[in-house]
Amino acid sequence: MKSHLKFLIGLSAVAILLAALPGIVAAYQVRQWSRGEILALLAHHTYGSTYYNARLREIKDGFPFIGNPYFKEHNRDPAPAFFVADWLAALPLFAGLPLAATILLNVAIWSAVFICFSYLILSQLGVSKWGSALGALLTFAQGYFIIITPVSMQTVFPFWLLLLLSFIVWFKQPTARARQVFFVLSAAGTFYVYTYLAQVALAWLVLAGLIFLFTRRQRTLLLRRLLLMAAGVIVLSLPMIIYTVRQLQHPYYWETMERIGLVQTRLPMAEAVYTSFGVAALVGLWWLTYRFFNHWRDNSLARTAFYTFLGSGLALIGVTFSNIITGKDLELPGHISRFMTVWQPLALVAYLALAIKDRDGWRVLNRARRYLLLALFVFSILGLGYLARHYWSFFRSRNDTAALYERFRHSLPALQWLEQAAPKPQVVLTGPADPLSSYIPALTKHYVLFANGGILHLLSSREAEDRYLVASLFKELTPEYLERDFQTYAGVGNAVHQYRTHNRAVKICWLLQLPRLGRPCGELATAVSWRGEQYFIDLFKRYVAEVKVRPAESLRRYNVTYVVHNKELDPAGGERYNQTGLRPEYADDFYAIYSVNYLPQ
């Protein structure tokens with residue numbers, strides 16, 4: 001155990017050092033800044049997400065269910081989804097640490113936890129210490145940019161790894177009560193930390209039962225213990241299940257899900273195929289090898305690894321394509337592929353460790369079978385590379401440039417003034433495109449009239465539109481601008497996923513030549529044509545009649561206290577603010593802040 005402890009300590013140090021690299025680079029780039037400015041940059045850009053940072057602040061401010069960290073009127077509403085992962089990330093705040101220090105501490109702690117759990121999984125499967133260490137490092141590198149970002153998936157991934165580890169530990173000794181409890185707690189925990197992970201855990205339980213039906217060794221024992229543990233998982237998950245029912249009963253739940261990305265379709269997305277083929281290849285590799293090498297069935301470690309990765313791999317694929325059965329797709333491939341990113345290197349390293357030990361078995365394998373396994377292995381590597389490239393390129397494209405850093409720095413004095421200007425939380429109007437709309441809930445106690453992050457929480461789509469229109473009071477909107485900015489106030493579901501889902505069905509229809517059978521395929525659509533141009537015209541009419549004509553009433557409706565003018569985004573718009581009767585309160589070269597308290601009735 002001491003030798004394992006040395007590896008765990010060493011891996012933790014390496015993980016923390018690797019996680020620190022982006023911060024070291026960013027801090028060097030802005031080394032002329034003050035210490036406070038550098039910490040803010042690291043917390044809210046390099047490692048941070050203003051969305052999750054705002055959620056953490058909301059928990060600290062006494063709203064544990066995170067009703068809405070952006071819109072004050074909704075801060076006591078039920079959460080639209082998971083929240084316990086946020087609680088874990090917020091723990092250092094309750095120990096007295098400031099938000100910036102909390103973000104940085106979480107990066108270090110959860111990076112170390114991740115790599116240690118990865119090592120333990122492989123070592124439990126009989127992989128050598130050095131092999132487990134290298135496999136853990138590969139797994140950490142594969143999910144690197146997701147691991148160092150807050151909450152999702154930083155505090156979620158350890159629960160996925162814990163689920164894998166607990167299954168391995170239980171399968172080795174299925175009658176051990178402590179190991180059964182370990183698995184039950186791990187599986188039940190997924191229901192509290194992340195909805196998509198709970199779906200994977202549930203699918204795995206079902207698939208494990210089906211797999212055990214076809215196993216010869218210990219069939220009855222495994223099924224009985226699995227059913228007992230499944231009952232325990234359900235009992236421990238009841239509070240979250242009841243809360244989920246409450247969420248589903250909210251009058252605006254389904255509207256919110258549509259904004260987030262829910263579409264009604266049984267057609268799988270192309271991304272589901274791209275992200276799953278590597279997992280499918282690895283599952284096939286494990287299954288065929290297990291069938292071809294009969295002696296693996298007498299090897300307890302090989303048997304444990306086989307049932308672990310067969311069940312969990314099929315669960316990942318099954319949930320990714322589950323909309324075929326349910327008819328509902330809420331960005332399933334994009335979310336489940338995150339767990340695949342971690343699963344693939346673990347399954348691959350465990351397989352290689354067993355295959356290398358069994359070199360004699362490969363020598364007696366006939367050529368056709370050997371080439372088949374080799375082909376599946378190559379596809380597994382390609383799948384691993386695809387997900388690595390996908391996530392590394394995604395996070396590297398965040399445009400953390402010197403210009404972005406400077407714009408963030410320019411906002412800090414205005415944010416500091418807002419934090420000190422009022423002792424209690426107030427509502428602040430910023431333009432919809434102003435980055436300050438995201439910074440204010442994360443860096444101050446205040447709320448905003450509108451922010452894109454706010455529409456991810458439970459409220460009607462009509463209110464989301466109204467807030468956007470009022471936030472655009474000092475702009476000159478046109479129907480064409482509303483069409484271009486559709487996603488900002490309607491969400492990615494309405495603005496992107498719905499028409500693309502329709503177009504996918506049209507293309508498949510034409511590919512299958514269904515019109516020859518008398519079935520019309522329809523026409524390809526854009527976001528505007530799918531929603532209808534009249535929608536944008538009506539939205540513009542509301543803007544003119546309800547906002548531009550009665551600005552004071554619009555601002556009072558949402559209890560706006562301060563209005564922010566971003567001089568960089570709107571350099572010529574200062575006169576519009578001065579003509580409305582707003583009282584100037586603060587100004588620098590980049591921002592001006594006005595009070596609404598003195599606005600004429």
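**Notebook: sheet and disulfide**

I am working on a predicted model, where local features need pLDDT of at least 70, side-chain atom pairs count only at pLDDT 80 or more, and totals for chains, interfaces and linings use all residues. Residues are numbered from 1 along each chain as its sequence is written, and side-chain values use heavy atoms, with hydrogens and water left out.

*The sheet*

I looked up the strands next (DSSP runs of E, at least two residues, numbered from the N terminus; helices are runs of H or I, at least four). Strand 3, residues 427–429, pairs with strand 5, residues 560–566. The sense is parallel, over 3 bridges. Two strands count as paired if DSSP finds at least two bridges between them.

*The disulfide*

I searched the whole structure for disulfides (cysteine sulfur atoms within 2.5 Å). The search gave 1. Cys 509 and Cys 521 form the disulfide, with sulfur atoms 1.9 Å apart. Cys 509 sits in helix 23 (residues 486–511). Cys 521 lies in the loop between helix 23 and helix 24 (527–531), and the two cysteines are 12 residues apart.

Which hand does the disulfide have? The torsion about the S-S bond is about -75 degrees, so the disulfide is left-handed.

*Burial*

I checked exposure last (buried is under 20% relative accessible area, exposed over 50%, partly exposed in between; 1.4 Å probe, protein chains only). Cys 509 and Cys 521 are both buried. Cys 116 has a relative accessible area of 15%, so Cys 116 is buried.
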